[in-house]
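Here are a few notes on helix packing to go with the structure. Have a look at the model first, then read on.

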Number of protein chains: 4
Amino acid sequence: MLNSERPRLDWQLLIEDIANEVSALKSKGKVADYIPELGNVDLDAFGITVQLLNGQRYSTGDYQTNFSVQSISKVFSLTKAFSILKDELWSRVGKEPSGNPFNSLVQLEHENGKPRNPFINAGAIVVADCIMTNTTDSLAMIIDFIRELSDNKTVSIDQDMLQSEKSFGHRNAALAHFMKSYNNIGSEVDAVLDFYFGHCSVAMNCEDIARAFLFLANHGIDPISKKRYLTASQAKRINALLLTCGTYDAAGDFAFRVGMPGKSGVGGGIAAIIPGLLSICVWSPGLDKYGNSLAGVKALELFTTKTGISIF
Amino acid sequence: MLNSERPRLDWQLLIEDIANEVSALKSKGKVADYIPELGNVDLDAFGITVQLLNGQRYSTGDYQTNFSVQSISKVFSLTKAFSILKDELWSRVGKEPSGNPFNSLVQLEHENGKPRNPFINAGAIVVADCIMTNTTDSLAMIIDFIRELSDNKTVSIDQDMLQSEKSFGHRNAALAHFMKSYNNIGSEVDAVLDFYFGHCSVAMNCEDIARAFLFLANHGIDPISKKRYLTASQAKRINALLLTCGTYDAAGDFAFRVGMPGKSGVGGGIAAIIPGLLSICVWSPGLDKYGNSLAGVKALELFTTKTGISIF
Amino acid sequence: MLNSERPRLDWQLLIEDIANEVSALKSKGKVADYIPELGNVDLDAFGITVQLLNGQRYSTGDYQTNFSVQSISKVFSLTKAFSILKDELWSRVGKEPSGNPFNSLVQLEHENGKPRNPFINAGAIVVADCIMTNTTDSLAMIIDFIRELSDNKTVSIDQDMLQSEKSFGHRNAALAHFMKSYNNIGSEVDAVLDFYFGHCSVAMNCEDIARAFLFLANHGIDPISKKRYLTASQAKRINALLLTCGTYDAAGDFAFRVGMPGKSGVGGGIAAIIPGLLSICVWSPGLDKYGNSLAGVKALELFTTKTGISIF
Amino acid sequence: MLNSERPRLDWQLLIEDIANEVSALKSKGKVADYIPELGNVDLDAFGITVQLLNGQRYSTGDYQTNFSVQSISKVFSLTKAFSILKDELWSRVGKEPSGNPFNSLVQLEHENGKPRNPFINAGAIVVADCIMTNTTDSLAMIIDFIRELSDNKTVSIDQDMLQSEKSFGHRNAALAHFMKSYNNIGSEVDAVLDFYFGHCSVAMNCEDIARAFLFLANHGIDPISKKRYLTASQAKRINALLLTCGTYDAAGDFAFRVGMPGKSGVGGGIAAIIPGLLSICVWSPGLDKYGNSLAGVKALELFTTKTGISIF
């Protein structure tokens, strides 16, 4: 259904209804605990922000509480790497859904160290390496970039989270060493991991993230600052990747139920967009078996079902 | 970009330009030959039809030449099975991209005989079995259904193709027996394969197929006959499956480059849709390494690039 | 330790001691039930026969009760195929342990339809096909061969078992069709399966099987009838295959604990040999998680531990 | 055939004949080059030593030239770890053939970080970690152990090789980090790798290695020094592991052709034993596609074929 034909939505009422409906689900998820620091979070938290292209913003719940963005950060680094390397990026990382859990080494071996897509951990580590070989002080640069996108200069790394990530990041170290054995990592493994863990340990709230994703709903241009971050074609392509690969091994189910390009993180956040219309961020720390926020996915499913808005 | 904001397109000129641009690619693909009968086709053929929701239709090239629909038929049987079984269907077949070549047995084994999605061969065989246990004379029924969708009563099975399929279908027989060992096939294997091979051996042209896909671009209702085939939610869900799983192991790349829900067949056809706007069918028998029409994919990429229309 | 240096063993006392020691294990195994007919067996049964090269034979327990030989028969068909095709056989079937459960399709796909070894089901089906293309009335021939090896003209197919196998053999049908799709099966799938199921449905007792394996302990020559079935080199090679691949996915553990070339069947039998010395057959229907007789493996482990006899 | 029945062999003539016969094969192999230092070796080299239990020793060719033992060292560390931890060792490493190339991560993931056997790299790294948590100054200890076994106090680490290993060991670092993520590595990854690379970088010649393996041919006791290193049962079990897992993904073929428990290294050495009779070491740097010495395997095959000696 096209925007112009749709009756005027009461967005605030809508998201409050959704928050009520999913409330019972919050306790059914499981907080990520593979990194101890991730476990220190209130299972009962829930926040949501809808950010329209026209600048209007609607929120409810714990939308101003910071949480760990985790894999949502992969969208920021991919945007940066894509704008720097352009299509050369795809010689080092693929564009296909993985069909396997997000930290799998199996496909990486079958494909000689080239990760299937930039949103599995291996792919995001390669993307991090691509940025490091093309910028100086990459971590400070990417934090600045996230602050600019979110229009919030206080966005920062959660240092406790970062230390926790580093102490328990043997799986990611394995991925990085493995890809280096195939010459698909150029920098030193420890340096790449510092950057990778750093930008995943950023703390943001629903407002920040919804704001930061807005340019992807507007052909690569931030509609408020008018700044262009990607060409229209590049923005379309990142949206396609988000749809097919953005929610780990549940991307098919997410497309089926929700029908929006989106990216989840094990901190419980999910950011998604409708091209030409809006961005949205929902947060609830209880995860389903795929590592996506249980109440968050349901909230987005309700959002597209109740509004009739989806890309399909 | 919304339809209403777009300058009026000269659709006929557009598809003729595209046909010219991809002409050199036709000979670079490879005609499918795993079934001998599929090899008997002119590598130089190319046809395209754009079918708008308002009934207007634009075509060029060999758009009235019949070709073997092959896997495109899986969309017709899935539509039928989904409308009969509703969400019970998903207890027998999954919704996730496979991440493996289209005839792989590997994932089927890892997941105890439940195919990853309805568009890999194993999934389509389960869908066929679902129809058989709920209808009588299933093959005649599905042919009638395809005739109705395409508004062409002459659509028929190519009997030579069917015999060729049956003689060389050991891989599909292996899939069916394997799933039956997990109790995910209820009918006799030979009967299911007869139905499966039958509905894949239908011959249609670009006009027929574009016409038959139109209901998927219109929330499940044929906009010309006004007949409803699926609920809006079901139509959205099939479109999501088409996007994530419709083009074998290249679904990610297809979404990335083309950005339309679509289904390809090894006969060289590809059908795709833009919700709220149009359906399209392109045909060129030379395939790329993933089994998708080489010139066909390029034609669709040009179509979305030149018009700026995509779901992203 | 060499035979000549060993103090004279009281074989009868030895096997009776072993039978007592493993008695408590009989009820801890699980009778195979993937084919209903296999389930109709007394979990408490146990028999053992030791057959020396010099013709002496020692037995205890249910050693004259017939049971279904199942995969033990693969040794008889492999012997026949190897003597007919000689080293050409290895162009169609490999010689490596599979590292996967016995009915896996995964490796078969990775290796283009060539099974890893002749003792996994896929490999035995190829071996059956090799025999069929080189003999007439193959099933009658192989039954005669087994009767001759076991010096028992009453050895026959259990027809109820055979019917049960055929009705529930979809996994094996899948394997056969799959290999035929790679052109590694020459005969019709149904005919190969009839032969394969037929020779696996033979009923024998411990005496029969120990007797039938004796030639493998004597460089390919039956030491009693003096008839040669294999060259010394071929017999050595079958023994090597038995050691590395004879007990499904537990071949390493069997070599480690028992240290004899041996072959198990899901009917609960295990046949094994010590080159230059003896053959042995033990039967107890309760299986471990790998499909090997639980009490049977323990009995053989006790046999090599108590006597100090093993190939290592 | 038992030793006592065999006509007296002229061992020296035998190995000289074998050296002549395999001479043409030397140039058909490929020197390992995944670590640059390994490439600095003469492709034409060939040496062989046969060491009898009675102390007699026969050698020919470059049997006193040092080469990099590489994976042969895994037998020394396994012996040490098995004697320290006894059967508790097998809770951390399996006993089954891998059915995959020697550095595969795939099975490691399927089995939650427990390597399939102690001779694949992952398994040997776990064995190294087991030693480190039970000894101080593990590297000096294992070097002393190798010196004692080989009765050669000059055996040492090749420092250039060690540096080369460390610089190019990303695959092994990946394995170690991966297993640490499953808590199957207790020490720091860098420390374990230093030990692992150290003991694989030892340089020895054919005489040293044949001498060092002699205890495995004599039930765990060095027949010359009379020192016991393993119980008879433990020695039998290591021999079983060598047969089923000692030559990478070609263990089945090695058992089939050669029929001796043996261990190869990518330096081109192979050590093997006949229980109750002898140990043997052959060296030729050209490798086959599985990473085993091409001329070396052939030499051992000729050895067992010409003498009629094998464990089968």
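1. Start with α4 (residues 121-132) and α7 (residues 170-181) of chain A in this predicted model: their axes come within 10 Å and cross at roughly 65 degrees. Axes here are lines fitted to C-alpha atoms over the stretch in contact, with angles from 0 to 180 degrees between N-to-C directions. The crossing is right-handed (near helix turned clockwise from the far one by less than a right angle).

2. Who touches whom? From α4(A) come A:Asn121, A:Ala122, A:Ile125 and A:Val126, and from α7(A) A:Asn172, A:Leu175, A:Ala176 and A:Met179, contact being heavy atoms within 4.5 Å. The tally is 6 nonpolar, 2 polar and no charged.

3. Also in chain A, α1 (residues 11-22) and α12 (residues 294-307) have axes that come within 10 Å and cross at roughly 135 degrees.

4. Over in chain C, 10 of the 14 residues of α12 are buried (under 20% relative accessible area, 1.4 Å probe, protein chains only). Among them are C:Leu300, C:Leu302 and C:Phe303. The buried residues pack against several elements of chain C, including α1 (11-22) and β1 (47-52), together with α10 (232-245) of chain D.

5. Housekeeping: residues are numbered from 1 along each chain as its sequence is written, and chains are lettered from A and ligands numbered from 1 in the order written. Local features need pLDDT of at least 70, side-chain atom pairs count only at pLDDT 80 or more, totals for chains, interfaces and linings use all residues, and side-chain values use heavy atoms, leaving out hydrogens and water.

Terms used
Helix = DSSP H or I, 4+ residues; strand = E, 2+ residues; numbered from the N terminus. Buried < 20%, exposed > 50% of the residue type's maximum accessible area, 1.4 Å probe, protein only. Nonpolar A, V, L, I, M, F, W, Y, C, P; charged D, E, K, R; others polar.
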